[in-house]
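Here are some notes for a colleague who has not seen this structure before. The points go from a helix pair to the interface and then to salt bridges.

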Amino acid sequence: MRIILFAKRNIKEILRDPINLFFGLGFPLILLVLLSVINASIPPEANNPMFSIENLAPGLAMFGTAFMALFTGMLVSKDRTSSFLMRLFASPMTSFDFILGYTLPMLVMSLAQAAITLLASCIAGLELTGNLLLAILVTMLTSLLFVGFGLLFGSLLNDKAVGGICGALLTNVAGWLSGVFIPIDLIGGAFKKAAEILPFYHSVQAIKATLDGNFVEILPHLIIVLGYTIVIFILAIIVFHRRMSGDKA
Amino acid sequence: MNAITITNLSKKYGGFTAVDNLNLTIEQGELFALLGINGAGKTTTIKMLSCLIKPTSGNAVLLGDSVREHPQAVKEKINISPQETAVAANLSVIENLELTAGIYGQDIKTAKEMTEEMVSQFGLDGVRNKKAKQLSGGMQRRLSIAMALISNPQVLFLDEPTLGLDVLARRELWASIQALKGKVTIVLTTHYLEEVEALSDRIGIMANGKLAAVGTVAELTEQTGTNKLEDAFVVLSGGAV
């Protein structure tokens with residue numbers, strides 16, 4: 001009951017901010033249109049499928065969820081610095097209530113965002129199959145990584161710093177090292193190795209494999225993403241719990 | 001009967017002692033004011049009593065439950081209005097109140113009834129659907145205290161509740177706090193001595209983390225050989241009159 005109440009409050013806080021709505025739901029669509037236009041202007045003889053809708057759709061679905069780190073981080077940080085969390089820490093709410101209460105709204109947001117981005121991709125030429133539903137669920141699962149980052153940085157930093165790290169740094173790292181904007185396979189070398197070590201590239205590959213119906217390839221990529229997610233969440237829970245018990249994080 | 005019994009309560013941060021061996025009892029229904037200059041240890045004491053931080057040593061028992069051993073049981077009986085207004089900025093007045101009521105376990109019907117009661121008691125009807133961030137400072141303070149009271153706490157902590165309010169808004173809040181006297185045990189911290197004189201039954205003066213004196217206004221002035229609370233406070237806080 002407390003989790004649902006708190007989750008409802010959190011989703012209201014986020015959706016009542018028009019900037020969040022723009023970045024959460026609108027920005028991936030703008031990118032979809034822009035990159036589709038770029039793709040259309042690439043001559044066929046260049047034989048460059050990078051921005052083809054089959055590659056673009058999973059990339060943008062993943063990239064859109066990177067903003068969940070910003071939303072979560074800003075919310076936690078503002079709740080902390082405004083003492084709203086102090087009020088709630090003095091209530092019977094447990095750390096489990098808090099973590100789930102912050103996480104559930106982001107999963108709902110990710111679900112909606114992935115559905116909008118992938119359905120819009122169908123208008124842009126992506127084949128509409130049953131795999132799309134599964135891809136939405138996989139995107140939601142991979143978005144947990146960003147929710148974990150948001151919980152961690154929101155528990156540690158003030159909202160300005162969260163804006164810088166989750167809004168600017170993390171979204172850029174996730175964008176560039178996932179292969180959404182640049183052809184990682186073509187560049188190769190250390191850049192590709194770095195991308196393969198980090199989870200963002202694997203998030204895109206898991207979503208892409210799902211859309212392609214290439215089910216055996218989903219799990220190996222997903223395991224890497226979930227491994228990172230578990231580590232980030234454990235760190236976030238430790239830091240949040242320390243905050244809750246009044247210890248310096 | 002005692003609402004709060006504090007025994008040898010201390011809080012240390014590294015080599016710094018924020019609260020040093022505090023011993024105090026507060027009776028049920030009493031309005032107890034905790035005074036002290038900045039850094040005296042008032043807020044740290046309130047945070048330990050409301051289970052927001054763990055004591056380094058000692059204990060406090062609130063209505064039979066220890067903050068060390070049964071913090072969850074303590075949390076069911078208390079509520080706090082922090083120094084900052086601590087409201088959910090994008091939620092309306094009604095939503096803030098209903099959220100708090102729900103968090104303290106009230107069902108939807110009770111939460112709605114209690115919300116109406118708080119709206120009426122704190123004069124929030126005219127702004128009931130306004131987002132908290134759109135309220136004036138005074139209205140935010142009222143909402144903050146209403147959120148602290150909606151759970152029907154047996155012990156209420158008010159940490160500088162009138163900070164930054166104009167004279168009229170402060171007087172209105174005093175009236176609201178006075179209406180609670182005898183029903184709820186209130187621990188109040190403030191820098192406004194006229195507030196203490198108007199509201200409190202007893203006063204504790206903290207200096208350097210220690211409880212320098214406890215008593216009524218008359219007892220404190222008599223103890224220090226002064227004529228008014230402000231002079232007594234200055235003497236007990238280590239200043240010169």
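1. At roughly what angle do the axes of helix H1 and helix H4 of chain A cross? The model is a predicted one, and in it the axes of H1 (residues 2-15) and H4 (residues 67-81) of chain A cross at roughly 110 degrees. The two axes come within 11 Å. Angles of 65 to 115 degrees count as roughly perpendicular, so H1(A) is roughly perpendicular to H4(A).

2. Which residues make this helix contact? On H1(A) they are A:Arg9, A:Asn10, A:Glu13 and A:Ile14. On H4(A) they are A:Phe71, A:Leu75 and A:Asp79. Sorted by class, the contact of H1(A) with H4(A) has three nonpolar, one polar and three charged residues.

3. The next point is the interface between the chains. Here 22 residues of chain A are in contact with 31 residues of chain B. Chain A and chain B bury about 2500 Å² between them, and 58% of that area is on carbon and sulfur atoms.

4. Polar contacts and salt bridges also occur between the two chains. There are 13 residue pairs in polar contact between chain A and chain B, counting pairs with both residues at pLDDT 80 or more. Two salt bridges are found across the interface. A:Arg16 forms a salt bridge with B:Glu95, and the closest N and O atoms of this pair are 2.7 Å apart.

5. Which element gives the most to the side of chain A that touches chain B? H1(A) does, with six residues. H1 and helix H5 (84-89) of chain A each supply at least two residues of that side. By class, the side of chain A that touches chain B has ten nonpolar, six polar and six charged residues.

6. Over all chains, a search of the whole structure finds 17 salt bridges. In chain B, the side chains of B:Glu30 and B:Arg202 meet in a salt bridge, at 2.4 Å from N to O. This pair links distant parts of the chain, 172 residues apart. B:Glu30 is in the loop between strand E2 (16-27) and strand E3 (31-35) of chain B, while B:Arg202 is in strand E9 (residues 202-207) of chain B.

Terms used. Residues are numbered from 1 along each chain as its sequence is written. Chains are lettered from A and ligands numbered from 1 in the order in which they are written. This is a predicted model: local features need pLDDT of at least 70, side-chain atom pairs count only at pLDDT 80 or more; totals for chains, interfaces and linings use all residues. Side-chain values use heavy atoms; hydrogens and water are left out. Axes are lines fitted to C-alpha atoms, for helices over the stretch in contact, and angles run from 0 to 180 degrees between N-to-C directions. Helices (H or I, at least four residues) and strands (E, at least two) are DSSP runs, numbered from the N terminus. Angles under 35 degrees count as roughly parallel, over 145 as roughly antiparallel, 65 to 115 as roughly perpendicular and the rest as oblique. Contact means heavy atoms within 4.5 Å. Ala, Val, Leu, Ile, Met, Phe, Trp, Tyr, Cys and Pro count as nonpolar, Asp, Glu, Lys and Arg as charged, and the others, Gly among them, as polar. Buried area is the accessible area (1.4 Å probe) that two parts lose on being put together, summed over both. A salt bridge is a side-chain nitrogen of Lys or Arg within 4 Å of a carboxyl oxygen of Asp or Glu. A polar contact is a pair of N or O atoms within 3.5 Å; within protein, one must be able to donate a hydrogen and the other to accept it, and residues adjacent in sequence count only if both atoms are side-chain atoms.
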